[in-house]
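Hi everyone, thanks for coming. I'd like to walk you through the inside of a protein today, so let's bring it up on the screen.

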Amino acid sequence: MISYLHKTLKKEGLSRRNFIQISSLSATGILLGLGVTSCGPDGKEVAGSWQPSVYLRIDSEGKVIITAHRSEMGQGIRTGLAMIVADELGADWEKVVVEQAVGDEKKYGNQNTDGSFSIRMYYQPLREAGATARHLLLAAAAEEWNVPASECEAKNGEVTHAGSGKSIGYGELTAAAAKLPVPNITDLKLKDTKDFTLIGKETPIVDLKDIVTGKAIYGIDAEVPNAKVAVIARCPVMGGSVSKFDDTAAKKIKGVLDIIELDAGGIPPQLNKPMGGIAVIAENTWAAIKGREALEITWDYGPNKDYDSEMQTKEMVKSFESEGTVRRKDGDVAKAMSGASKILDRTYTTPYFAHGMIEPPCALANVKDNTCEVWAPIQHPQFAKDSVVGALGLDDKNVTVNVTLLGGAFGRKSKPDFIVEAALLSQKSGHPIRLLWTREDDIHNDFLQGQSAHRIKVGLDKKNGVVAWDHHAAFPSIGATSNASVIQPSGFEIGMGATDLPFNIPNIQVETHDAKAHTRLGWLRSVCNIHNGFAIGSMVDEIAVTRGMDAKDNLLDLIGPDRSLTFDGIVGNHFNYGESLEDFPWETARLKNVIERAAKEANWGQTLPKGQGQGIAAFKSFLTYVACVVRVAVDEKGNLTIPEVHYALDCGVAVNVDRIKAQFEGGAIFGTSLGMMSKISYKDGRAEQDNFDGYRIARMPESPIEVKVHIVESSEKPTGIGEPPIPPFVPALCNAIYAATGKRITSLPIDLANTTA
């Protein structure tokens with residue numbers, strides 16, 4: 001059916017942003033293909049193979065089948081996208097079925113479920129898809145009853161005519177509707193937002209029953225007959241390779257079938273290349289792991305064998321003594337500083353962070369007869385498919401990537417290195433291969449969020465006004481994973497909160513400094529907003545203390561009057577998450593509004609018992625405005641708990657309120673982990689942490705006790721949800737600790753015992 005669709009598209013030469021009725025499809029129903037112009041995360045329009053397509057089918061029984069072309073990792077995207085279509089269609093939600101698409105951007109368009117942009121990208125096109133189908137169903141019913149379509153209503157999976165009292169189900173109308181001409185988008189009338197029946201409501205995810213009953217299929221659950229298990233011994237130092245190895249003992253392990261050497265990807269490591277190493281193929285997981293333990297390998301550790309992350313942090317801080325690369329320049333910071341009555345000068349550092357997924361990377365691949373089929377928890381199936389095609393030398397049409405549910409991802413599973421490994425091992429061994437990464441494999445070899453150092457100097461005048469902001473930043477860039485010569489942050493990395501600082505300060509300068517990559521780097525939930533937000537949000541609180549102002553009032557004062565920001569001082573392009581400022585303006589009024597809302601809901605400024613304190617921070621990321629108030633309690637022994645967190649957010653139209661709340665509740669726990677306990681460090685080129693005992697993530701007693709999420713009602717375009725909870729949480733937490741204890745946190749993870757007041 002899908003092939004038929006694309007043949008029709010080609011034959012008819014239909015333009016993008018047109019809905020296409022594909023065929024009558026006899027009694028099976030109607031199929032609507034949705035073609036739209038789309039932009040990737042970089043904001044560039046992508047033609048040809050990037051043309052997104054979302055398919056809606058209504059069968060003769062009235063069942064509405066929506067093909068989800070995005071990956072479900074707990075964020076609820078399969079439900080959110082379906083809600084948009086179903087609401088505009090007037091579908092009976094009980095009759096909606098969501099099917100997962102395989103990885104194929106030629107058919108489905110962009111499938112990279114990353115960057116919190118799925119709803120933002122597809123909200124309007126999906127509404128138009130639903131409205132088109134609704135229009136056809138109404139027209140078909142009107143013809144059947146010989147009445148004006150304007151007198152008919154589509155609702156709850158049926159069309160009714162009030163004048164005659166007649167009604168007919170969608171399934172009975174599909175054959176007739178499929179014969180009608182498809183309306184132009186400009187002729188469509190979308191629902192008034194007040195008539196939404198699903199959008200804006202709390203709707204459980206469509207996968208819920210399968211997940212809670214154990215029926216859901218994650219990557220690690222996928223099966224094919226006679227699949228063998230593989231684990232890989234990798235060099236513990238990034239960029240290293242096998243010098244020699246002896247597999248005699250490994251082959252004696254019962255169940256071990258084969259030992260295969262994989263070539264090293266080298267430096268730069270790339271996102272889709274194996275690290276290289278020695279793979280053990282076995283009948284079961286136990287034999288594979290025991291076989292790996294029995295290998296005797298001599299490694300060539302390569303140029304990173306002496307890498308020490310603590311030493312690099314010191315070097316990054318020292319680099320601030322030299323002139324950096326100017327990334328934003330408003331006014332004259334040097335002159336303003338020289339005339340300042342008071343100068344604050346603080347350096348903040350953060351460590352490497354791992355993704356810490358509950359389900360480590362895994363993939364099942366079956367290569368036979370010049371074909372390859374993969375089942376994997378992957379955020380970017382097209383990238384995976386292209387990578388397998390390139391690695392195995394197969395024809396594109398002979399590779400299929402099936403997307404399973406993801407047991408956590410946070411950005412890690414958009415890199416298909418592990419899928420390529422599984423496919424190569426299947427090709428080399430002749431077996432279907434289930435590749436498993438152990439927890440240790442994942443923590444040792446993750447694409448990490450890079451460590452960072454920030455130095456911020458702030459000048460105040462005699463009247464306590466802030467007249468200068470001088471921000472220096474150094475951190476290894478994600479770009480180095482693909483290009484080893486990259487030693488400075490990219491525009492999007494420093495643009496995540498640093499160069500787009502929203503404060504009404506006349507003199508602002510942002511500079512970046514060199515930091516070479518020595519590990520595999522990638523994007524982690526919220527990316528550089530994490531450390532940019534920590535440094536900026538913490539300095540804002542220090543300004544409040546210095547000025548003797550209430551922290552909330554200080555924050556609002558720094559933001560200044562209501563206005564749309566243009567960021568004329570940025571060197572290069574302003575990073576706006578791939579969108580123009582015209583379509584998604586930076587409005588200070590919306591940021592101030594969420595600050596006021598969070599403060600009100602949290603009873604900001606209340607009198608608290610000794611040892612308790614509130615902290616506040618606000619941040620815009622992924623185009624969503626978020627303010628956060630955290631309350632902490634620290635007992636006499638220094639034990640810290642988080643009794644309450646209040647979030648206020650403005651994400652434009654809130655599609656699924658249930659999922660938004662869940663994302664922020666989970667975000668508070670994620671932020672607690674990053675702030676309080678998570679850290680990857682390197683010594684002699686090796687990660688010093690092995691498992692969740694060393695790389696800590698928050699457990700139940702450590703998590704916030706209560707998280708309250710307050711969503712601003714809005715008719716603005718919807719924006720991101722998955723990542724925005726993190727950036728304001730960490731500084732709000734640190735600021736609350738200062739309020740409770742007088743201890744200023746300048747380095748993560750928080751170490752209260754070794755922090756002085």
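One term before we start: a residue is called buried when its relative accessible area is under 20%. Please also keep in mind that this is a predicted model.

With that cut-off, take Y577: its relative accessible area is 6%, so Y577 is buried. F575 is at 17%, so F575 counts as buried too. The rings of these two, F575 and Y577, have their centres 4.6 Å apart and their planes at 50°, which makes the pair tilted. Together with F492 and F622, they form one aromatic cluster.

Across the whole structure, a search turns up 11 aromatic pairs. Another of them is Y647 with F664, an edge-to-face pair with 4.8 Å between centres and 80° between planes. Y647 belongs to strand 29 and F664 to helix 18, so this pair ties together parts that are 17 residues apart in sequence. Y647 is buried, at 0% relative accessibility, and F664 is buried with a relative accessible area of 0%.

Now let's turn to the cores. The largest nonpolar core holds 110 residues, and W469, F503, V632 and F729 have the most contacts inside it. Helix 19, residues 726-741, gives the largest share of this core, with 9 residues. Beyond its sequence neighbours within four places, F729 contacts several residues, including V630, I642 and our friend Y647. There is also a second, separate core of 45 residues, with W93 and Y122 among them.

Last stop, charges over rings. The charged end of R412 sits over the ring of W437, 5.2 Å from its centre, and R744 lies over the face of Y738, 3.9 Å from the ring centre.

Terms used
Residues numbered from 1 in each chain as written. Predicted model: local features only at pLDDT ≥ 70, side-chain atom pairs only at ≥ 80, totals over all residues. Heavy atoms only, no water. Core = buried A, V, L, I, M, F, W, Y, C linked by side-chain atoms within 4.5 Å. Buried < 20%, exposed > 50% of the residue type's maximum accessible area, 1.4 Å probe, protein only. Helix = DSSP H or I, 4+ residues; strand = E, 2+ residues; numbered from the N terminus. Contact = heavy atoms within 4.5 Å. Phe/Tyr/Trp six-rings, centres within 6.5 Å; stacked < 30°, edge-to-face > 60°. Lys NZ or Arg CZ within 6 Å of the ring centre and 35° of its normal.
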